[in-house]
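Visitor: I am new to this structure, and I would like to know not only what is said about it but also on what grounds. Could you take me through it step by step?

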Amino acid sequence: MAAITLQGVTKRYGNVTAVQALDLAIHEGEFMVLLGPSGCGKTTTLNMIAGLEEISDGTLLFDAKDVTRLPPHQREVAMVFQSYALYPNKTVAENIAFPLKLRRVPKAEIERAVAEVAEQLELTPLLGRRPNQLSGGQRQRVALGRAIVRKPSVFLMDEPLSNLDATLRLSMRSLIKRLHHKLRATFVYVTHDQAEALTLADRIAVMQGGVVQQLDTPEGIYERPANTFVASFLGSPQINLLRQGLLRPEWVAAGRDVIIGLRPEDVARPAEGLVTLSGRVELVSPLGSETQLEVALGSASVTLRVPKDWRVSEGETLAFGVDPARLHVFDAATERRIAP
Ligand SMILES: Nc1ncnc2c1ncn2[C@@H]1O[C@H](COP(=O)(O)OP(=O)(O)OP(=O)(O)O)[C@@H](O)[C@H]1O
Ligand SMILES: [Mg+2]
């Protein structure tokens, strides 16, 4: 088992700073997700932990050991990439066995390990096939099998599910989650998919521009976003950010210029204790269990998600209630959250 600590870790490519003075303490056995838009430094961070990219500045520790300059093969980490890079001429069994073979593990022991991994990943009937005889999801499971077979204490995964179709992605997601519960190893998982991050992570580090914007549990990130970037990055449909004074909790100091965040789902029928707003319904999009609405509010338009039994029609004026305690308040200049 290993805890991973990054202290002021920086990566520069010439005059591009890909990762800027990153401080991150990943606990032993934790499932840490690095989440952020394209180019924010996720892969670079993961590659520095793996030893595949040199660290320009700062210190990397595995437990108390300084591994900043340690070559990759001495780090005891397993990597799973977006492309599975299986050996096309080897069978599934040989692909999974490969890391053990490299380490000259005795044959009987390899066979036992491969059988165990195949069982866990439901690959047993496929052990004799070659990669070109497998579906995308099966190949990705073989790649996972190859990573777990030598029981590393650290797993590094870079968008491992992004090549799979939506259904397969969901089943692989729960497989990875179950694998983490079972192995109790430290996982560092890179994705730009917020749903993947929210369902898998013990904690999420939301990155932008090579900097961690917020480090918290999925609930913490969603319920108390540190700034408007994090607030907008998580949540589908996106949070409404209102710059006009339509919705202003009483505790916000008079004269302070703020941005108010309203999550689309945080609305109800008008009731006591709620602030009532009303606006013209511009668009109704049924989503099955819920309905998504675009409602004109002053000069802005807000997106709302309401239960399907509200039976709203386009063009009508809808009155809805908002609990002021559920609003998010950000400073208009810094865009940082102002704590209630
Ligand atoms: N070898 C390189 N030389 C120069 N710049 C690089 C190099 N590799 C990455 N970068 C830059 O560093 C920044 C971070 O890249 P990185 O690959 O870590 O992003 P990412 O968050 O993984 O993005 P994505 O979601 O698109 O994979 C980007 O601005 C990228 O252009
Ligand atoms: Mg990447």
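Guide: Gladly, and please keep in mind that this is a predicted model. The protein chain is divided into domain 1, residues 4-233, and domain 2, residues 240-331, and the C-alpha centres of domain 1 and domain 2 lie 39 Å apart.

Visitor: What makes the contact between domain 1 and domain 2, and how many residues does it take from each?

Guide: Two residues are in contact if their C-beta atoms lie within 7 Å, and the contact takes 5 residues from domain 1 and 5 residues from domain 2. On the side of domain 1 that touches domain 2, the residues divide into 2 nonpolar, 3 polar and no charged.

Visitor: Which residues surround ligand 1?

Guide: Among them are Tyr 13, Val 16, Gly 36, Lys 42, Thr 43, Thr 44 and His 192. Strand 2 (16-26) and helix 1 (42-50) are the elements that give two or more residues to this shell, and helix 1 provides the largest share, 3 residues. By kind, the shell around ligand 1 divides into 4 nonpolar, 7 polar and 1 charged.

Visitor: Why is helix 1 called largely enclosed by the rest of the structure?

Guide: A residue is buried if 20 or more other C-beta atoms lie within 10 Å of its own. Because 8 of the 9 residues of helix 1 are buried, helix 1 is largely enclosed by the rest of the structure. The buried residues of helix 1 include Lys 42, Thr 43, Thr 44, Leu 46 and Ile 49.

Conventions
Residues are numbered from 1 along each chain as its sequence is written. Chains are lettered from A and ligands numbered from 1 in the order in which they are written. This is a predicted model: local features need pLDDT of at least 70, side-chain atom pairs count only at pLDDT 80 or more; totals for chains, interfaces and linings use all residues. Domain bounds come from an automatic or database domain assignment. Ala, Val, Leu, Ile, Met, Phe, Trp, Tyr, Cys and Pro count as nonpolar, Asp, Glu, Lys and Arg as charged, and the others, Gly among them, as polar. A residue is near a molecule or strand if its C-beta atom, placed from the backbone, lies within 6 Å of it. Helices (H or I, at least four residues) and strands (E, at least two) are DSSP runs, numbered from the N terminus. A residue is buried if 20 or more other C-beta atoms lie within 10 Å of its own, exposed if 12 or fewer, and partly exposed in between; C-beta atoms are placed from the backbone.
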